[in-house]
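Subject: Structure handover

Hello,

Here is the structure we talked about passing on. My notes on a helix pair and on the cavity search follow it.

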Amino acid sequence: MQKQFTMIIGMFLLASATMLAQAPIPIATAKQQALGSKVTKVAGRVTAGAGVFRNTAFLQDGTAGIAVFNNTFRLGVQVGDSVVIENGTLSEFQATSGQPGTGLTQLVDSIRFTVVPVSRQDATPRTVTIDLVVESLEAQLVRIRRVRFTETGTFRERTYQVIDRDNKSIDVRIDGGTEIARNAVPIPEGEFDIIGLVSQFRGTYQIQPRFVTELGLPPLEVDTVAKSRTLDVTTWNLDWFGWPDSTKGPTDKDRQIRSVRQAMDTMKSDIYGLEEITSEESVKRVADSIVGNHGYFYASDIPTDQRMAFIYNKETITPISTGLAVNGGSQAWAGGRFPYRMTFDAQIVGKAKRMVVFVIHAKATDSATGMEDYNRRKTDAETFHAYLNDFYKDSAVIVIGDFNDEVIKSVVDSTLPSPYRVFANDAANWSILTESLDAAGASSYIRGTGSMLDNLMATNEVLPMVYRTFIESPNAYLSSYTTTVSDHLPVTTRFYVDGTTDVNDETSASASSFLHVAPNPMSAQGRAELVIERAGTVRASMINALGEEVAVLLNEECAPQVRLLQIPAQDLSVGMYSLRVRMNNVTVSTPVVIAR
């Protein structure tokens, strides 16, 4: 029996060695296989991986390129990685019906991949002309010289066109996951050289740039100020959040809640002002589930279905009081949706400051009553401005929310001034922090042509504290965002509580300063090195995509030490996890990918 068992093991090892020894086939050869067939092994350099596109990775060798539609692979590789992929299924994305070869060829389903431990090296783009963008270049990195866009404004997730000096045109697809779409990057004017990956959509070739520099623009300025150094305040309209059935808002309510939790765990703001909230329970579920210690307030006194709420970080925010700012008549603020206030003390890096934040949700615009709605917003803004100047003139006040209009001109008619002009005209007392985003053509409301409806403004007592204001991008990592989460993006302002901080400060309380995971991705056993700087209770656990604790790695009183933790990857399903560590009243997490 022992001999027979030994023979079986030997045969298995021999078969495994034989499989590993098989040479990869050229990608060009693999793409000639029948759709639906298995591609045994290909290898190449990653041209789009984690942090580039929302759903798809790209790989190319010396013969061709191919897309890879596999989330574990996309999140587990970086641009320039040398990888080997085994047992992918050949597929085609968005081909014209009945016309194979008119879509993007890709590898799908459960694949095995290995990152070869060599230096990263991005592919060199091949210089071509528009008329030479053909099937053989699909999924490869190319450069097209001296082109220009046919429109101006600010990039968002959609398709644009460029033309060359011969007036030939090609589509340019801006993927929602790129830094281009996430950062309200201005469309370049004049000629430039475009670099991107060749894609195909229903018979039409597209260029997909990965980075702003591939559009002839300078690199984005990297935000190096740690979250622990600033007070971060976010406004977010959550699209009928908590509505009990599918008649309003996203149909999958649990998915919406999970997505909001994931986004807040990513943004890590100190205060969230939320609009379109329809149940207190939904806010409580999010506040209880996001990483850290959070509380919430819900404006239950508002007489309409849509209310406002705050979620706040108890480690940095001490609430003093809350209440509605009742101002105006019975029709004011959409029939009683008055601004909701929270007065609080902020404690950031040893600095304390008493502040006030109001979250508003202004009257929306109906196509049949556009001017009436505009005038109601204008009246509400003017009444609120007078109220704030009467009662909070010498306070540090921030106003955030869904303004349901822009702050420079009106969505009702571009010749009309913004209904919030009263604040812009009072420059001695107020600053509109999102005005520059509006001026650049950015959009926080992302249906249709988009509008900058979600805004922040502050009294000039707060202005010296402002570090930066920007649109967050949960749509870059939450799929089908507009139908499963919201049609608004969160907008955030970061404040220095003491008014001064070195913007090049790289000190961070993030996981990367004392928590390291290897390998990542992992398939069998993984390890985590945890630096415990102060004695106390430490709990480390693996958290799945649903926010559930699936494995406890450590839960005990620990002296200062460096602790090596074993991650039981072999016992966990393939997918994305977080390693969450709670230590000395601080909670941090780092992503872990399990792939086989």
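**Helix pair α5 and α6**

In this predicted model, helix α5 (residues 253-267) and helix α6 (residues 280-289) have axes that come within 9 Å and cross at roughly 40 degrees. An angle of 65 to 115 degrees would count as roughly perpendicular and one under 35 degrees as roughly parallel, so α5 is oblique to α6. The crossing of α5 past α6 is right-handed.

Which residues make the contact? On α5 they are Asp 254, Ile 257, Val 260, Arg 261 and Met 264. On α6 they are Ser 282, Arg 285, Val 286 and Ser 289. Sorted by class, the contact of α5 with α6 holds four nonpolar, two polar and three charged residues.

**Cavity**

How many cavities of 30 Å³ or more does a search of the whole structure find? The search finds one. The volume of the largest cavity is about 40 Å³.

Its lining consists of Arg 539, Ala 540, Ser 541, Glu 549, Arg 580, Val 581 and Arg 582. Two elements, β27 (536-543) and β30 (575-583), each give two or more residues to the lining of the largest cavity. By class, the lining has four charged residues, two nonpolar and one polar.

Regards

Terms used
Residues are numbered from 1 along each chain as its sequence is written. This is a predicted model: local features need pLDDT of at least 70, side-chain atom pairs count only at pLDDT 80 or more; totals for chains, interfaces and linings use all residues. Side-chain values use heavy atoms; hydrogens and water are left out. Axes are lines fitted to C-alpha atoms, for helices over the stretch in contact, and angles run from 0 to 180 degrees between N-to-C directions. Helices (H or I, at least four residues) and strands (E, at least two) are DSSP runs, numbered from the N terminus. Angles under 35 degrees count as roughly parallel, over 145 as roughly antiparallel, 65 to 115 as roughly perpendicular and the rest as oblique. A crossing is left-handed if the near helix is turned anticlockwise from the far one by less than a right angle, and right-handed if clockwise. Contact means heavy atoms within 4.5 Å. Ala, Val, Leu, Ile, Met, Phe, Trp, Tyr, Cys and Pro count as nonpolar, Asp, Glu, Lys and Arg as charged, and the others, Gly among them, as polar. On a 1 Å grid over the protein atoms alone, a cavity is a set of points where a 1.4 Å probe fits but cannot get out, and a pocket is an open set with protein on both sides within 12 Å along at least five of seven lines; lining residues have an atom within 4 Å of a point. Grid points are joined across faces, edges and corners, and a volume is the space filled by probe spheres set on the points.
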